[in-house]
Amino acid sequence: PDWCYEGGTDLPIMFPKIAMSTDGVLHLISTEMPMEAENPMRLYYSRGVPYFDSDSFWVNIEWETLSCGGFELWDTVTVVSADIACSRRTGRVAAAWCHPVDSLFGSNHDICLRVSEDGGVNWGPLRNITHWTTQDTLRAFTDCSVLFDESDYVHIAFTVTGIFSETDSTFGVSLIWHWSEETDDLSLVADGWWPEYAVDPGAWQLFVQRPSLAIDTLTEYLYCSYQQFDPETLSWAGYPLADAYVTISTNNGRSWAAGTNVTTTTPDTVPVPMGESLHERDITVALLVTDGFLHMEYVLDKDAGTSIYGEGVATLNPVIYQRIPIDQIASSVPFTPPDLPSRFALYPNYPNPFNPATTLQFELLQPDRVTLKIFNVLGQEVATLLDKAPLAAALHRVEFDGSRLPSGIYFYRLQTAEFAATRKMVLLK
C-alpha cells in the first residue's frame, strides 16, 4: 500500500496478515513497530484489488487511498497480535487483536473484534469479547487466530496468561481459549497452567501459545494447532523445548479433545547441546483441511530461546512443511460420570470456563461427611458449598454461582475422612 507519512517520515508499518474475500479483494491488517519505545504502536487496515493479465499472471494491486496513504488507523496497541479472515460464502470480513486494558502491565489485554458485512467497505464498531478489569487475574497474551466456519460464524482462538502483580515470578503459565460468535461463549483449547515449574520459556513465550485455526469443510470439524513447551526438556542455556500440537473440535468449538503431539522431536540428552535443539516454533496451519490432510508449517529452531533477547545462540533453522493425516489427530467425547458410584472421585466442572454458574460433580463410594470449598489463586476461601452431615454413596452434583466474584482462576476442593481432591476452574465474565 501507499506509504503512511507522519512528520515527513514514512512509518515503519509491518507484521502483515492478509485474507481474500469472495469478490477477489485483499484485506490486510498490519502493526507499526516504532523506532522509539515510548512512541505509539498503531494498528492499520488496508484494502486492495489484485489485477492479472490475459494469461492470468499477476500484474499489480490497486490499493485504496485511506486515511493515511494506503492505511486506515484502527487502534493503538502494545503488542503484535492481529489476524484477519474472510468468509468463503458471503462478504463478511473479521479482524481480531489484543487491545490494552490499561498501562499497569505489558500483557494487560482484551480480545477485540471488528466485522464488516460488505467486503470491508464499512466496518462495525470495536467489540470487546473478554471485558477484563484491573481486578481480574487473566489477560489475553499477544496472539490470536480468526476463522469463519461453514455457517459464516466467526471463531477466535487466543492465549491467556495470569496477571497477579508486577513482580510475579510465575513463569510461562497459560491457557488457550476459543470464542464462537454463534454462542458468544468460551471453551478451553489447551491447558499450560503449570505453576509448579519455575522454568522461564523465554521472552514473550508461554507454556502453551500461538494457536492457529483450520476447518474441514466436509465434516465442519475445527482444528487448532499450537506450541507446547516441555518444562523438563531444557537447552544448554536452560530454555525449554517445544513441540507442535493439534487438537480437534467435533461440535463447532464447544469442546476440544486433548492435544496430539504431531512432531515428537525428543532429544537424546538433556540438557540439549548447543545447536542440537529440536524446538518447533512459529507454528501455523493452512485455513482448510484438504483431502483428509492438515497442512502445517513451522521453524525447527536448533537452539531453544530467542537469540535477539540473549537466549541461546543464533542458528540457521529450517522452515518445515508437514502434511498431517487428520485421522492421526485424537478426538474425544466429553466425559460423563457413571450413574452408580464405583470410586471416590471429583470430576471436572462443566462448563469451564463458565459465566456465572457451573456444575461440580463428585462420587462417594460410601456415606461420608463432605466439605466442598472454593478458593482463589491466593489460597483464600471465597465460598463453602458443602459442610454438613454425611451424604449417601452416590453421584452428587452441586451448582456454583460465581456472579459476585471477579473473573479469574479458582480452585474447588473436596474433602472427606478418607479422600481429598482439588480441581481448577475458570470464571470469565
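1. Strand E14 is joined to E15 by seven bridges, and the two strands run antiparallel; strands here are DSSP runs of E with at least two residues, numbered from the N terminus, and two strands pair if DSSP finds at least two bridges between them. Trp177 stands opposite Leu188 in E15. E14 and E15 form a hairpin with four residues between them, and Asp184 in that turn has a positive phi of about 50°.

2. This is a predicted model, in which local features need pLDDT of at least 70 and side-chain atom pairs count only at pLDDT 80 or more, whereas totals for chains, interfaces and linings use all residues. Residues are numbered from 1 along each chain as its sequence is written, and side-chain values use heavy atoms, with hydrogens and water left out.

3. E14 also has a partner in strand E13 (residues 154–162), to which seven bridges join it in an antiparallel arrangement; Ala157 has His178 of E14 as its bridge partner. Seven of the seven residues of E14 (residues 174–180) are buried, so the strand is largely enclosed by the rest of the structure, where buried means under 20% relative accessible area, exposed over 50% and partly exposed in between (1.4 Å probe, protein chains only). Both faces are covered, with Ser174, Ile176, His178 and Ser180 buried on one side and Leu175, Trp177 and Trp179 buried on the other.

4. A search of the whole structure finds eleven aromatic pairs, counted when the ring centres of Phe, Tyr or Trp (its six-membered ring) lie within 6.5 Å, with planes under 30 degrees apart called stacked, over 60 edge-to-face and the rest tilted. The rings of Trp74 and Trp123 have centres 4.7 Å apart and planes at 70°, so this pair is edge-to-face. The pair links distant parts of the chain, 49 residues apart, with Trp74 in strand E7 (residues 72–77) and Trp123 in the loop between strand E10 (109–116) and strand E11 (127–128). Trp74 is buried at 12% relative accessible area, and Trp123 is buried at 14%.

5. For Phe141 and Trp204, the ring centres are 5.9 Å apart and the planes are at 35°, so the pair is tilted. Phe141 counts as buried at 8% relative accessibility, whereas Trp204, at 40%, counts as partly exposed.

6. Ring pairs also link Tyr45, Trp74, Trp97 and Trp123 into a cluster. Arg114 lies over the face of Trp74, at 4.5 Å from the ring centre, the criterion being CZ of Arg or NZ of Lys within 6 Å of the ring centre and within 35 degrees of the ring normal. Arg323 lies over the face of Phe293, at 3.5 Å from the ring centre.
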